[in-house]
Structures are given as structure tokens and as C-alpha cells.
Amino acid sequence: MNRSRKKVYLLIIILVAFLIRIYNFSFPFFTADEARIAYRGLILAETGRDELGRPFPLIFNSLEDYQLPVTSYLTACGILLFGKSDFGVRFPFIILGTILIFLIYKITKILAKDENLGLVSAIIASFSPTLIFLSKTPNEPIILVFLLTLLFYIMLQKQINTIIFVVISILIVFTAKQSWLILPPFVFTFFYFFQEEMLFKKKVFLTGIVLLISVIAFTSFLIIPQGKRSLMENNFSIFDDITIKNGITRLRGQGIEAGWSPLLERIYFNKTVLLPIGFLHWLSNIQPSVYFGQFDNSGLFNYSRIGVFSKVLIIPAFLGIFFLIQEGSKRQRFLLVMILVVTFPAIFIFPKMNQLLISTTIPFLIIIMAFGFKKLPKLYTVIILLVMAIEVIINILFLNTEAKNTNNLRPSWIVPIISKIYDVSKTKETAVSDDIVGDIIPYIGWQTKIMPDVPLNIDNFPYKVRQTSFKNIVLHGSDDKKNICKSKKDMDLLVSNRDLRLIEDEFGLQNNEIFKDNLNQKRATFLSGKLCIE
Amino acid sequence: MKKILLLFGIIILGIVLRIYLLNNFPIQLSPDEVTQIYDAISIAQTGKDIYGNSFPIMFVSVNDYKPPFYTYVTSLIYVILRNKEIIIRIPGVIFGILLIPAIFFFTLKLFNNRKIALFSALISAISPFEIFFSRRSFENIPGIFFMIVGFALLIIYTQKRENVRWIYFGLLSLILAMYIYFSHAIIIPILLSVFLLIYKNIFLISVRKIVIPMIFALILLLPLMIIILTNPESRYRSQNVFIGQDINLGKQIDFIKSDNQLLTQLLSLKSTADFSFNRYLKQFDPSYLFGNGLDMTNQGPLGMGILYSVQLLFLILGIIYLIKNNNKLRKENLFILSWILIGMIPSGITFEENSPHRSIMVFTMFDILTAVGIFYLLVFVDLKILKYKYIAYILIICLFFFQLIYFLNIYFVNYPDEKSQFIQYPFKEVAKFAWLNYNNYDKIIFDPVFGQHAPVIGTGVHYYFGYYGNYSPLKMQQEYKIGQKPREVIFDKFSIRKVEWNEDKLLTNTLLIVSQWSVDPKIIKANEDKIIKTFYFYDHTPAFYAISIP
């Protein structure tokens, strides 16, 4: 195969990857968090403020945790370029996902010194369900994966451009909190395996820079009033895990009660158990079932019933590991080490799996798989890649199940409800039950594109923010009493089953407009001017 | 000589760990044990199980259709030792002990390396899963014993090709393993085919030599195949444990349903395959293997893995060693890999999230790989840092000793406290109490709904009552019947069923044994004066109340 033909192949692969990512553009429907980022991007693009009215902030808020800025600003860029549409929001991520394939190709080519393996890795990346999925929504993982891969590529060059290196590093630490723990060991490990010719001083300098950037980001975050709490709850949750704490006390107590030496019990059951628990949890994050079985059953980071890769790729993955251990050079074995290095913060994030960290291993694993194909005859390579493509395409084509699996997380059925709320709230106050979905305000904001009243009266760094009103719309929370304000003028209500159950008997509320979800279950009922809820 | 002594010492260690306080730990006979021991006694005394089936090939038991081996062996032991609770645990322990030299033998033949073989035997002797399952009556331990011996004998043939008797003995042992544990009936033929494929150059040279033993094996297997393929009970058991029973998979398939029948069927098939593959891979979860896979506590990640956590390091080293020496050990590597991949299949296609008892053969291989890892480390130390050789030995021994004590602590202290409900503790005490009061009441009613945190329905209750009352199996065969009331089983004056307080309180001269899940705790409190005994779980929380209705 001559080089120009290979370039054509690469172009075709990238084009196919782009088409796969752009196909069925509206899928997946945004989660509340993604809708929030989309809406925030819109407001940032139009007013330079976020949804809480703060001008160009570096820390954003959500229902779960603080959010770092890169994702939101990248979304804003998409909206600036392509207008206030789903396309504008998704497009930057599709572009990142597509360029990522090129980067993986280039890195494989450098490490394997084999263009064919580069092409194979590009094909695998194009058809990775997780990479496809993450390229279609505004999210941190795809940016982090992209930036880390880009940094890796830049570092593989004979001359590392310090400015580009620093800029990418800064972008990485502003993308996701986990990166603060990943970046320094990533760079350190890289220099252990690569760049033998580089001056030791330069290696120390570059490692020092990323360490400094990470430490600054980390300590700055700690200054935020609820920063420490946010880290403990979301990034170091193992130290806060009540099951482990209680378990230690309970098991130790049972031993002492049974007459075993208290000292022995203390030796076996104490806080050092966090170490093996965290360690095993870390390894569980990178177990084969995550990559080839099921990556994320919630449907947040992937199609809910498939792994990071098609099942059949488990063959080249193990052959690749086999190859690297048996025949791989020191530089090639870096790939194996890297999978451990970039996921090690998972030790602290117990008991949840951390899909963001796992995502960062995808490029490395793809390259390992490419090495695995070295061990296979061409025919087998073709068959495996074909089976892979077929499986992924089936998953992409038949999404009916996916919509049902993610009925609550990605409530595509919310659109007519939002339209209704928007229509009725134009003229009068509207009350909406707050459990129709987990967090409805971001959907209202994004779907209706209403600009918020700014600035909202909140402090600068609120943690876990939940808006309860928006223009003429008021959210109604859970209550075991019927708080009917009979004295006031009746309002329009969009009530969930929870609230409807409280009032329907007494008021005989029948024949109202109802809204159903993807499982054909009633989710909301519209009551026009019948009651007033306070 | 030194090595033989070492092996002997290892076996002694294995014996101690398997028989120490065997009568008391596990703290009570589990439903599986009590059903098998009572059926074994029934067979020994009458030639029938307690339902009157003559020499059954599958035991109805509690409608779970148990394979016959364990019950028949126990009935033989019963004939020799008479009735003691411990007899049900003896076959498991014997085969658990025999497994240690069997693994030594197998590893020795596979790697031709005495050190690795000795390390394998040592790991096997102290292995948590082997001790755990050997002390429970479970047919998987005898099954794996015969499987290991069978393949070891076949490996001998590949090395000493002239003597065909190794093939005969090997196949015979494998067939025994298949009869003992039905899941082996699927696994062994697959693994054997792969084995023959790996060593095809040896077996093809002497096709004539293997044809007759193969025919002999097929003839011996014929009855088993007939049982598996035609016996409705055997099929019922298979269907009952198949992955299709999984609720989550069922939900998935429900979601797929559409007007297009063909598409629905194809997608359902794909969904089942995806689900099964994922379950299969999950059996390799490190937290399960090295963290809490034996499910001995209720404290989340705190517990005991199938393997010691320190084994992880040596397991990785073992794998690296084998990969690095792949040129020399190509066939052995392929066989080990096939063993692991094929051995996990049963866990991948059954409905339980994790079923360690179905994957014992894989864990045994992990023990062997651990031994390879230890060997590799010591070779490395020998080569590179000789002066630290003894430190390395001591360190490895300390690590395993530390973990062994941890396991024993969990096994003897925490496990009974945490999981007494799972072996239906205190059903033995309930049964004995009922018999103690046999003459004081016209009727004794027991509702086996119980639980420490949530209600579950106890199984095999009539077995507990029959066995602990020394109730003649012959009489049980005549008396046992299904009653009219919900879940009702009747024999003699015992009725095991759902208690309806409002009706049952009107009975006369009746002993009611209920829990807070079967009768409202407020009612139990209001009738405190009628409670003649409270039964407790092992952790001293109340399990049942015996209420006397005058």
C-alpha cells in the first residue's frame, strides 16, 4: 500500500467516524446537567454571564457538584458559531471526538512504527461506542480524553513546545477535578519511558510546571467555602464512606465479644483497610467487563447496554497485552503503565465507578489493541473489525431500548411538557411539581431559550444549586398536606403523580391533559386554573 | 525426601484447617446439608428418598433437584458411622484434603517443576475458597478433585506416550467428575476437546491408541447424557438457574418488544448474549475475587475474597512469567488459558450475579498461577539479589500468614454473626424445641418466614423437623403431604405454613412458632404472656417466638 493511498484510507475512516457521530443528531437527549451546560453556554455566549448571573466565572454550579469551566466555555463557543441550537452545543464535541481519531492514529504510528496499525487504531476509535456517545453531548470526559491524548502527542515530538505544553496542561486542570491527580504522574511517567535524549533539567522543569499548575488548581479550589466538602463527597468519598466506618466497628466488636484479642481485632479492622479496598476498587474500574461488557448502565456516558468497545475486541486487547509483555519495547509498555496511572484516583472514589477516569484510558487501550492485531493474520483482522462494526452499528440503529433504559436520566418525553409550561407561563404564574424529572429548570431554560433574570440573589460559590423558580414558573416540592391556597386566584398547574394523588380525590380532577413518558407511564397532568398551590 | 516431607507438612496443615471445629463451624446445618443428610439416611434405611422415590438419579429435595453423588456418599458414611451431623460434611472435607496432593500432582505434571508444585499445594491448603467450600457439603469439591486428577493423568500420557492406561484412568476420572457435578458435564467435554486440540500432534500420532478409550468413555457417559437430555427434573433444574431468570434481563427483553416478531426475537437474542457476556466478564472483577467474593459479611467491601488479596500480586507475576516463557510453555499456557475461559462459562450463563461455587475450577487455576508467581519472584530474587533470598521467603510467608489469620477470624467470628440467617439459623433449635413439646400440643404450626433485616421464607423445614426429631424416614415417606393452606407442608402433627393470626389464634392446644415478619410485632407484644420461648439469630437478635395457644 503506498502512502497516499493510506492517507485516503485515513480520510475515509475519519469521514465515516464523523458521519457516525453526526448521524441521529438529536440522540442522546440531554440529561439535566447537559441541558444546564447547554443553557449556560447560551447565556455565556449572549450575555457573558452564567445562569446565576455571574460574569465569566471560573467555577460553575450544578445539582451535584461544582463544575470546572472548559466544558461550559467550549459549549458557548459552539453556540457563538452555530447559534442557539442542539447543533451548536454538540458540534464542538463532535469535532473533538473526530480529531481524537486522528491523534490516536498518529500516536499509534509513532509507537508502532507501522502505518497499518495506525489505521487499525483509527478504525477502532471510530467505532468505539463510548467515544461516539461522548462526542454527542457536552461533557467533561471527551474533553479530558482529547486534551490528554493531545498532550501525549505533543510530548512524543522530538522538540516539546513548552508554550503549547503549558497551555494544554492548564486546559486539562480546568476541565475536570480528577485531572489534578492525573496530570503530574502522567507527565512524570512519560519522561521515565520516553525522551531519553532530552536534558534531565528540561524534564524536571516540565514535570515541575504541571505539578505547580495542579497544586495551584487544587489549593485554589480548597479556598472555595465548600471546596473541601465537594472534594470529600465527590473525589475522596472513600474517606467518608459510612459502610466502611461502621463495618470496621462492627466486625471488630464481634471479634472482641467472641473473645479474640482486642489488639488483634484492631490490627485487622482499622482504617488501613481503606488501602486494599481502594486498591481493589481501582482495579475494578479497569476490569474487562467495563471495557467489553457494560461501561455505564445508567446511560450517562455510554449506550447503556454495551462496553467501551465491541465485545469481539477483547481478543486483540489481550493479544496486545500479551505482545507488549513478551516483545514490547520500553516505550510501548508505557501504554500498559498509563492505564494504571490515569485511573489511580479511582482508589479514592468509592464505591462508585468513575467513568471519567476510565474514559481517559480509551486511547491507550485502542493502541494496545492495535498491537494485538500484529499477532493476528490479516483475514482475522478483517473479520474482527467487521464484526465490531456490525455490533456497533446495530447498537446505534436500534435505540428504542435505549430511550426506555434512560427514561428518567434522558427524558426526551419532557419536550411537550416544557412547551406547555412555556406557553402557559407567558401569561400567568405556573406551578410545576419538582419531581416530574430530577431537575426541570435546566430543561426549561434550554428548551425555551428564555434569558434569566440576572443577577440572582445568591452568593458567589454556592454548592449543589437547585433553582426553584424561573420567571413565572414556580417549582412545587414534596408535601404530605394539601397546601391549597383557596383565597388566591387559581393558577395553572403541571403536577406529577405524587402531587396529583394528594388532590385528585377531593377536587375530582378528571379529564385533564396528561403527559406520558417513554415507558407510556403518566408523568404529569396539566390542571388549568383549577387550584392554587402554595 | 525433603520435598516429600514438605508436601506431607502442607497436607497436615490443610487437614487441620479443614477439620478444626468442623462440627461447630458452620454453626448449623444449612438447608442443603440437612436435606442431603436426611435423604441419605432415608436411602440407607429404605432405599428411597423421603418422598418415596426409589434410588433416584436426581433428588427432589426442596424442588431444586439435587445431583445424587453427595447424598449417596453420605448414606454410605451413615452406614459406617451412624447418625451424626458431621457425616454430611465428611465427603467434602475428605475431597478437600485430597485436592491438595491432587493439585501438587497436576502442577508437577503440567510444569515439571517441583517448587511450583509445592507452592501450589501450599496455596491450595490455605486457600480461603477451598477451606470454605470443603467445610460445607458441596459436590463441587469432589468434582474438581476428579477433574484435576483426570487431566493430570492425560498430561502424563502426553509425556510418556507409550502407556495407554493413563488415558483410560484419566478419562474415567473425568467421567466421574461429570457424574458428580452436572455443570462439569458441559465444561469437561469442551475442555477435553481443547486439550486434545492443543496436544493434537501427540494424539494424532497414536489415533488408534485413543479411539478405544474414547469409545469406552462415550459408553460410560451414555447414562449421564440420557439423564441430562431426557430427565425432566434435570432440565427443570437447568432452566431454573439459567440466566433467563434474571429480572434485569427480563426487563431488557420487555423493552425490546415490538410489532416486528423477527426483529424482536433477534434483538432479544442479542440482548441475552450481551447480558450473559457481561456477567461472564464480571466474574473477573478484582473486588469480587480478592475483596468480598465469599460473601461472609454484610459490611460491603469488608469481608473475604475468593482468594487472598496478596495473591493478586503473585497472580500477575505468574501470568507475566508464563507469557515471557511462552515459547517454552506454549501448550501449557494455552491449556491454562482455556481452563480459565471455559471454567467461567457456568457463572456467565446462570442467573446469580456471582456464583463462586460454579467457578471453583478457575479459582483453583488462579491458585496454581499464584504459585507460579511466587516461583518467579523467588527466581528473580535468586538471580538479582541473592542475599535477600531468605528475607523474600519470610516476607511471603508472613504475608500469607497474616491473611490466613484474617480469614480464620472472619470465618469463625464474623461469618456466623453476620450470615447466620443464610444457613437458616436457628431452625435446628426450633425443630428440637418443637419435638421437646411434641406431647404437650395437638398441633405444632411453624411459619418459616424470618429475617434479620428483611423477610425471607425458609426452605427444607420438614427436613429440619424430620432430621432433628430422629423421625423415621419411612414414616416421613408415608406422612408427608402438601396441605390446603398457603405454603403448607404437613406430616405427623406438624404443619409448616403461613400463619394467619386472626384464624390461628382461635385454635386450641396448639404451638405456634412465628417471627415478627409473619405476625405483627404489636400482636406478638400483646401476647407476651403466651410466648414460651424466643429463638435468636447468632447475633442475639430475635428470630422466632413460640406462642402457646391453650
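Which residues in α16(A) meet B:I320, B:I323 and B:K324 in α16(B)? They are A:F322, A:I325 and A:Q326, and the tour begins with them.

The model is predicted, so to speak of a local feature requires pLDDT of at least 70 and a side-chain atom pair counts only at pLDDT 80 or more, while totals for chains, interfaces and linings use all residues. Residues are numbered from 1 along each chain as its sequence is written, chains are lettered from A and ligands numbered from 1 in the order in which they are written, and side-chain values use heavy atoms, with hydrogens and water left out.

**First stop: two helices from two chains**

Select helix α16 (residues 314-326) of chain A together with helix α16 (residues 311-324) of chain B. Helices here are DSSP runs of H or I with at least four residues, strands are runs of E with at least two, and both are numbered from the N terminus. The two axes come within 9 Å and cross at roughly 75°. Axes are lines fitted to C-alpha atoms, for helices over the stretch in contact, and angles run from 0 to 180 degrees between N-to-C directions. Contact means heavy atoms within 4.5 Å. The residues of this contact divide into four nonpolar, one polar and one charged. In this division Ala, Val, Leu, Ile, Met, Phe, Trp, Tyr, Cys and Pro count as nonpolar, Asp, Glu, Lys and Arg as charged, and the others, Gly among them, as polar.

**Second stop: A:N405**

Next, select A:N405, which lies in helix α21 (residues 400-405) of chain A. A:N405 is buried, with a relative accessible area of 18%; buried means under 20%, exposed over 50%, and partly exposed in between, with a 1.4 Å probe and protein chains only. Leaving aside neighbours within four places in sequence, A:N405 is in contact with A:S304, A:R305, B:Q252 and B:F255. With the side chain of B:Q252, the side chain of A:N405 makes a polar contact at 2.7 Å. A polar contact is a pair of N or O atoms within 3.5 Å; within protein, one must be able to donate a hydrogen and the other to accept it, and residues adjacent in sequence count only if both atoms are side-chain atoms.

Select helix α4 (residues 90-111) and helix α17 (residues 330-343), both of chain B, which pack at an angle of about 140° with their axes 10 Å apart. That makes α4(B) oblique to α17(B). On α4(B) the contact is made by B:F106, B:L110 and B:F111, and on α17(B) by B:E332, B:F335, B:I336 and B:W339. These residues divide into six nonpolar, no polar and one charged.

Two strands pair if DSSP finds at least two bridges between them.

Select strand β5 (residues 473-476) of chain A, which pairs in the parallel sense with strand β3 (residues 430-433) of chain A over four bridges. A:A431 stands opposite A:V474. Strand β4 (residues 469-470) of chain A pairs with β5(A) in the antiparallel sense over two bridges, and A:F470 stands opposite A:I473. In the hairpin of β4(A) and β5(A), with two residues between the strands, A:K471 takes a positive phi near 50°.

**Last stop: backbone details in loops**

Most residues other than glycine have a negative phi, and most peptide bonds are trans. A cis peptide bond joins A:F350 and A:P351, with omega about 5°; A:P351 is found in the loop between α17 (330-343) and α18 (355-359) of chain A. In chain B, the peptide bond from B:Y425 to B:P426 is cis, with omega near 10°. Finally, select A:N520, which is not a glycine but has a positive phi of about 65°, and which counts as exposed at 55% relative accessibility.

How values were computed: Parallel < 35°, antiparallel > 145°, perpendicular 65-115°, else oblique.
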